[in-house]
Amino acid sequence: MVKAPSSGEWLAQAARLAARARPLSRPNPAVGAVIVNDGVLVGHGWTQPGGRPHAEAMALDEAREKARGATAYVTLEPCAHDSARGPACANLLIDAGVARVVVGVGDPDPRTAGRGIAKLRAAGIEVELVDDPASRASLSGYLLQRIAGRPHITLKLAMSLDGRIALTDGTSQWITGAQARAHGHRQRAAVDAILVGGETLRADSPSLDVRLPGLEHRSPERWVLTRGAAPEGWHALSGIDDLSPLADIQYLLVEGGGGAAAAFLERDLVDSLLIYRAPIIIGAGRASVGDLGLTDLASAHGRWQRSDWRALGDDMLETYTRIR
């Protein structure tokens, strides 16, 4: 006998759908939803480009009459406020006649926070709010933006086995192979903005665009960490003690160089690491990360947890998540 998927498994599926919305759902969060009736998936959806329609609306539109009496699994609490762009998702779920709603994460937006769940319960719908890890991870940028006032920050490092990102003269093309570079472009396509240090911009003049067929339109905003003016087509961040210029950005990718990497790491602003490691040894060269001011090794331990690793051609990708 086949075991029916658990609530966590349905929410994990909704979280995978939510990934399709990034970053095009901005300024709205990337949300995923599935509708399940008698153990059968009858509707699924994710937030559409520009933020509308919402995930619940897409899933309900697919489910239609099969939504009556069903369970809706949603990564984020259904919105409670109507707007000129569309009705509240809590109202849509009520009108569709769903019997139960399982919510992965409560919405910190004051227009909804708790009100979406309260509205559903007032209509006689059973609601279960769980702190679902997959849902929370899929909404990390939105949650940090709302709660901490900054984006989710990923630091990408392409390095040799001995931790070098370039030769002593700055030559860095190419340390990693084609598969690793393609994976890096896919990561660019999933963020709102990408940032490099001023020295990297002056030395390499990077385009920082997405060069994958069909995803060219997903190239992120380009930012440079500099006290001076940004070139045309770029935005300037004068320092990382004040991230308010990034207030509208949910996901930021920091790509280089060593000074910028050290600045974000030293201030504990990096939420995830993408380390592409090539099977080469450079020796004397430019370090992947500058001085962090550590005075003892004990303070370096217990900060990072490896969440994924895989081979990309001859290179190895390691993904780490900050333990908070």
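What volume does the second largest pocket have? The answer is about 1,200 Å³. Before I continue, please note that the model above is predicted.

Let us stay with this second largest pocket. Its lining is made up of 45 residues, and those nearest the centre are Thr-200, Asp-204, Glu-255, Gly-256 and Gly-257. Sorted by class, the lining holds 17 nonpolar, 18 polar and ten charged residues. Several elements take part: among those that supply at least two residues each are strand 6 (152-159), helix 7 (178-188), strand 8 (193-197) and strand 11 (251-256). Helix 8 gives the most, with five residues.

I turn now to the largest pocket. Its volume is about 1,400 Å³. There are 42 lining residues, and Arg-22, Ala-137, Ser-138, Ser-140 and His-152 are the ones nearest the centre of this pocket. By class, 19 residues of this lining are nonpolar, ten are polar and 13 are charged.

The largest cavity has a volume of about 40 Å³. Around it stand Arg-22, Pro-23, Ser-25, Arg-26, Asn-28, Ala-30, Asp-192, Gln-250 and Tyr-251. Its lining is divided by class into three nonpolar, three polar and three charged residues. Domain 1 (7-146) and domain 2 (150-322) each provide at least three residues of this lining.

Is Asp-271 buried or exposed? Its relative accessibility is 8%, and because buried means under 20%, Asp-271 counts as buried. What, then, surrounds Asp-271? Beyond its neighbours within four places in sequence, Asp-271 is in contact with Leu-144, Arg-150, Pro-151, His-152, Ile-153, Trp-304, Tyr-320, Thr-321, Arg-322 and Arg-324. With one of these, Arg-150, the side chain of Asp-271 makes a polar contact of 2.9 Å.

Technical notes
Residues are numbered from 1 along each chain as its sequence is written. This is a predicted model: local features need pLDDT of at least 70, side-chain atom pairs count only at pLDDT 80 or more; totals for chains, interfaces and linings use all residues. Side-chain values use heavy atoms; hydrogens and water are left out. On a 1 Å grid over the protein atoms alone, a cavity is a set of points where a 1.4 Å probe fits but cannot get out, and a pocket is an open set with protein on both sides within 12 Å along at least five of seven lines; lining residues have an atom within 4 Å of a point. Grid points are joined across faces, edges and corners, and a volume is the space filled by probe spheres set on the points. Ala, Val, Leu, Ile, Met, Phe, Trp, Tyr, Cys and Pro count as nonpolar, Asp, Glu, Lys and Arg as charged, and the others, Gly among them, as polar. Domain bounds come from an automatic or database domain assignment. Buried means under 20% relative accessible area, exposed over 50%, partly exposed in between (1.4 Å probe, protein chains only). A polar contact is a pair of N or O atoms within 3.5 Å; within protein, one must be able to donate a hydrogen and the other to accept it, and residues adjacent in sequence count only if both atoms are side-chain atoms. Contact means heavy atoms within 4.5 Å. Helices (H or I, at least four residues) and strands (E, at least two) are DSSP runs, numbered from the N terminus.
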